[in-house]
Amino acid sequence: MKRGNAKKVMALSIAVCMTVTTAVTALPAMQLRAQEPGQTAQGTVTETYSNERLDNGYTKVSAGYTLAAYTGEAVRYKAGDVYRAGDASLTTEDGYTALSIPEKGRVELEIDVPQSAVYYMNFDYLANSESILPVEAGIMVNGEYPFYEMRQQKLESQWTAKPDKVYDSYGNEVVSMPDKVYDWQNKYVQDSTYRYTQPLGIELAQGKNTISIELNEGTLLLGDICLTAKPQVPEYTGSEAAPGDGFIEIQAEDFLYRNDSAIHATCEYDPDLYPYQAGNRVMNTVDATSFGEGGQEVTYSFNAEKAGNYYIAFHYSQGDKADFPVFMNVKIDGKIPNTAFENHAFAYEKKYEMYTMVDGDGSKISIPLEAGTHTISMQISMEPIRESLETIEKIMGRVNDLSLEVTKVAGTNKDKYRDFSLEAYIPGIGEMMTGWADELDQVMEDARVYNPNKNKIAAYASVKIAENQLRSLAKKPDELIYRIDELATSTSSVNQHLANLIDSLNGNDFALDSIYLYQEDAAKQLPKNKNIFTKMWLGIVRFFTSFGEQAYSSTNTNPEHLQVSVNRSRQHLEIMQLLINEQFTPQTGIEVDLSLMPDQTKLVLANASGDSPDVATGVNYSIPFELGIRGALKDLTEFPDFAEVAERYNAGLIMPYVIGDRIYALPETMNFQVMFYRKDILDKLGLEVPDTMEDVQAMLPDLQMRGLNFYYPTARTVGMKTFLDTTPILFQSGGTLYDGAIDKAILTSEENVEGFTTLTNLFTIYNLPKDVPNFYQHFRNGDYPIGISDFGNYNMISNAAPEIDGSWGVALIPGVKNADGEVMRYSSAGAESTFLFESDPEREQKAWEFVKWWSSAEVQAEFGQRLQITYGDEYYWNTANAEAFAQLPWDSDDKAVILEQLDWTLEAPRALASYMVERELSDAYNLVVLGAKSASVRESLDDAQKSVKRETQRKLEEFGYMENGEMVKEYEVPTVEKVREIIAKSKEAE
């Protein structure tokens, strides 16, 4: 999970939960008033922000255990024997009787515990669903979660590589899709973020105890349940010498297993790696961006021809944490041999270096091996930095509490010349911030243990900035009134720096070239990095090789083949080309060359120069109109089976591609809009998920009195607002931009005025934030625990906010009730499109065959699955084909919401001068909401309509629809009904 071309954003930040501990009078949304002296308890700050992981997590809960640790023999229970109720059925798999638990299933098991003690629980399981997602389950004991980590237990699958390497059409090795291993595994109850290396203990009373397991994702065969004493890793007492000449080499790209399908090899043009080629790509190292998340594990098989002790060396690099190591649990034959192999530190190395494992004294660590086949595994551990993470998260919560308390007692007036003594209201505020700064200083000191030669650890630079900022604020605490943004809300605040630190600490990107197990006399066989002269020569060879024909370049194609230009990354193209070679070409006999699109905005120029491809895909949905109106694109309705293909999509997604009775493109992906909400925060506040905009307005006082707010996507940009930002509420209110014809823009209709007033009132009266460039971060922090956003933020929250996994959800966007009481939820979902350029009939037919194949549910689903399996959840495929989307390995609850919201898709029509409509609506919004002088909605829309009318007439004359102010050709503005009418006519023509 969480991979990409660019450095991944894998972050672990504070999970902010709201606890209402003080009754606060609801204040006007426009401004909080200052409290009178004495209203705040002296020397205290109300604890409003609480971190569920800290408050109810294993660290705190286990510290309060009163029972002794169990020390007896393991107690094993057959799942079928202890099953009492639920959705499971008994089944037999490979002669093994198990409980088959369906998706979202729940089972209750009753176990008889021999004595009251702290036990460690493990399960035999087989993840039998075809989904690539790990099975996720919540485990309750006697109706309660013993601690926070039990809410989300992850049961990973094993993945193995295909036996043969895979190459593209240019002879370059590409990442192959791994195969899921359907086999029984065993796992203890553990922290899903792997802040704890060892299993987590559970207090159980003697006698009958009920264990409830509820699947949140995936399906499962549950075998035996076992209660044991705490698993012990043998203490390291020193290593024996490793005499002999045994030497074993393992190439890290040759995995045996990995517990995450997205862990993959890559090609680096580094002469120190093996294998290396200056020309074609060869896989020669583990991709660091795919191997960096706590708990990820890779396993390799090797054969020891001679029994004896062996040293272990790794040729690796890790440049993610400057001056700070990445920690690994190194396992031999599935077990950590001793404590020297547990949480072993791999130092910061920007370049590949050879490292032999050594102990704290610098002595080489050896491992005894019998002759025969063995495995070695490397698992990323977070345990050594767990206490630092918890300290930082605790301080972030306290900083948020203080920020809210200051706002409550001083109001929102930030006048620096205001005479106000904050110390009188919150005594000891300066000492409080100094104490936090001291704790952060200790975090830096704890980090220096792993690199004592450095006074400051570069990976911890943000902690020093936050510490200095707290000390600066502590010196003059009364200035907090007008410096409050420096505490928690601005992009350079204390909390933002701490959030950046957590991002940095969770970055463990680790590149592994090879592993060596060797004995004393074979040490000289360890490869050494190339000398500077060899590297210079190979660099020169590589430089001149780069001037040759490049893969996926439009200049390196066969003109006899179908030319498809793709506006996506190379990773997308590689999988797309493999599918074409495996399926499309054998089925149709049509050979296809894919090429990377250098710039989608230059397609008009490419067409004018006669250099356009046959098919373009991945192109922004606003571009096909600009090409179609100029006669550059093929009218897809001319193909006899067009209706069959068009019916794969929501009509609202097709509307931007309609000109008259013609349709010039098809949607490829969708940028869905849904409402995101923090379950934990809303639950603590006793708030329901809003269904209408009126519900949103009603909940705002409860949010704003606690320093929280609702996010509306108009705030995502300060300047230009697109149709996505301005039109949904207009359409929900019954408005439309045109009255049928293009020369009849009706921005000032009563419905539009009503909708636009609702939109602007959200900001002018209800005080929604006007400028929120990063909703994702605010949602993580919890200060905007609810809001409407799109696919991009869904991807970020799903993959880069693991600390709130299971604490958030998505819902249909709140709408506006019509006269019949139905809630209208219209939203935009346009993203990328696919279209054909005008060409000769034979090439057009081949291009159409490709589009039919590419847009089919089967191919879209397989492409999305391959993409996600190969590169991780960061590569979600947001296909516009609803049937295919339903088959993708996304969270099943989220998919259901997204598909239902897709039915409410309504795009603003693309027409001549529609860019002016978009711009004028944006200007009208900015005048009303952001203008220095308040402007009325009606006046702003009236001015907008006049500008739109002038520009529309100019464009109509330019394209021959109007002469001397009179329409000479009809120009009908497309509607959803028009799209359906065109498709129906095409269907009849079949």
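Let us start with a pair of helices: H4 and H5 cross in a left-handed way. A crossing is called left-handed if the near helix is turned anticlockwise from the far one by less than a right angle, and right-handed if clockwise. Helices (H or I, at least four residues) and strands (E, at least two) are DSSP runs, numbered from the N terminus. The structure is a predicted model, in which local features need pLDDT of at least 70 and side-chain atom pairs count only at pLDDT 80 or more, while totals for chains, interfaces and linings use all residues. Residues are numbered from 1 along each chain as its sequence is written, and side-chain values use heavy atoms, with hydrogens and water left out.

Here are the two helix pairs side by side. Axes are lines fitted to C-alpha atoms, for helices over the stretch in contact, and angles run from 0 to 180 degrees between N-to-C directions.

| Helix pair | Angle | Axis distance |
|---|---|---|
| H4 (residues 386–410) and H5 (residues 429–448) | roughly 160° | within 10 Å |
| H17 (residues 723–732) and H18 (residues 750–764) | about 125° | 8 Å |

Angles under 35 degrees count as roughly parallel, over 145 as roughly antiparallel, 65 to 115 as roughly perpendicular and the rest as oblique. H4 is therefore roughly antiparallel to H5, whereas H17 and H18 are oblique to each other. Contact here means heavy atoms within 4.5 Å. On the H4 side the contact includes Ile392, Ile395 and Leu402, and on the H5 side Met433, Trp436 and Leu440 are among the residues involved. H17 and H18 cross in a right-handed way. Asp725, Thr726, Ile729 and Leu730 of H17 meet H18 residues that include Phe756, Leu759 and Leu762.

Now to the sheets. Two strands pair if DSSP finds at least two bridges between them. S4 and S7 (residues 106–113) run antiparallel and are joined by three bridges, and Tyr83 stands opposite Leu109 in S7.

Another open sheet has four strands in the order S38-S39-S37-S40, and its pairing is mixed. Its edges are S38 (710–711) and S40 (808–811); each has a single partner strand, so one side of each is left without a neighbour in the sheet. S37 (residues 673–678) pairs with S40 in the antiparallel sense over four bridges. Across this pairing, Tyr677 has Gly809 as its bridge partner, and Met675 stands opposite Ala811. Both faces of S40 are covered: Trp808 and Val810 are buried on one side, Gly809 and Ala811 on the other. Buried means under 20% relative accessible area, exposed over 50%, and partly exposed in between (1.4 Å probe, protein chains only).

Helix H20 (residues 791–800) lies across S37, S39 (786–790) and S40, running at about 115° to S39. Eight of its ten residues are buried, so H20 is largely enclosed by the rest of the structure. Phe791, Tyr794 and Ile797 are among the buried ones. The buried residues of H20 pack against S37, S39 and S40, as well as helices H19 (775–781) and H24 (892–902).

Finally, a word on confidence. The mean pLDDT (the predictor's confidence in each residue, from 0 to 100) is 88 for the protein, and 92% of its residues reach 70 or more. Residues 1–43 have pLDDT below 50, and beyond near neighbours in sequence this stretch has 160 contacts in the model. Where pLDDT is low, the predicted coordinates should not be read in detail.
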